[in-house]
Amino acid sequence: MRVPAPDPRAVREASLDELSRLGLPLPPSQFPLVWEPGDEIELRPTVEIEARIAVLHLILARCFGMPPQAAMSWLLGSHLVDMVTPPEWQFVMGGKGDHRSFVLHHDALFSLAWVLGLTKVLDPTVPVDERLVERMPHVGGGETFAQWRSRILAAPQHPADAAALLDLHYCLDWAYLETERAGRPLPGLVDGNAIGQRRWALEWAVMLRGPYHDEPPGWEEVDLST
């Protein structure tokens, strides 16, 4: 569902209010908006977000001991091989890559779960909901992707709400990095890496449409440099 984007300045003002409430530094006045007036927004298709959640969950299972052949068998049985990116494939099959970076995807998974209504709150001060695993595919028990989809009954967020949370995490990402760089305490139990992962997921899930936007990026193409 493509809808008009909310007023980016009003959304930014709300994001800055939240940073102030958390006692975080505010980005400079020239800090760019995520979208422009007149742009449109939509979420990626639900099945595409579900597939990304399933792949990330499988990768986390590999991080914590799932054998590569079992992972491959699950991907084949769920028809998700094409949804695995090349770096993910190298890790799933050969254990190659930065193990820690794949573990950090736990927060990206949490963010995507919020987009699909599988968790109620994405609070920047609170760690991943421990009950989230109950809402993930039971890969060790043989639950396929299709079976999992029918079990969870996703209820995606409204695109405007997801876009507002994207803007907040865009600002939070900057503020957490600045706070950590200065050696000051963070407002909760979540660090800058987790905020960056949550932003990554939102940048991918929320598709922005307008004259200044390129085509939505692939998972590995999300740019978190600004």
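This is a predicted model: local features need pLDDT of at least 70, side-chain atom pairs count only at pLDDT 80 or more; totals for chains, interfaces and linings use all residues.
Let me start with helix α3, residues 68-77, and helix α4, residues 86-94, which pack at an angle of about 130° with their axes 7 Å apart; the helices here are DSSP runs of H or I of at least four residues, numbered from the N terminus, and the axes are lines fitted to C-alpha atoms over the stretch in contact, with angles running from 0 to 180 degrees between N-to-C directions. That angle makes α3 oblique to α4, since angles under 35 degrees count as roughly parallel, over 145 as roughly antiparallel, 65 to 115 as roughly perpendicular and the rest as oblique.

Residues are numbered from 1 along each chain as its sequence is written, and side-chain values use heavy atoms, with hydrogens and water left out.

Turning to the domains, an automatic or database assignment gives domain 1 (2-43 + 158-209) and domain 2 (46-151), and their centres, taken over C-alpha atoms, are 24 Å apart. Between them the two domains bury about 1,700 Å², 72% of it on carbon and sulfur atoms, where buried area is the accessible area (1.4 Å probe) that two parts lose on being put together, summed over both. Gln197, Arg198 and Trp204 supply 37% of the area that domain 1 buries against domain 2, more than any other three residues.

Finally, Arg198 forms a salt bridge with Asp107, with the closest N and O atoms 2.9 Å apart, the criterion being a side-chain nitrogen of Lys or Arg within 4 Å of a carboxyl oxygen of Asp or Glu.

Note on methods:
Helices (H or I, at least four residues) and strands (E, at least two) are DSSP runs, numbered from the N terminus.
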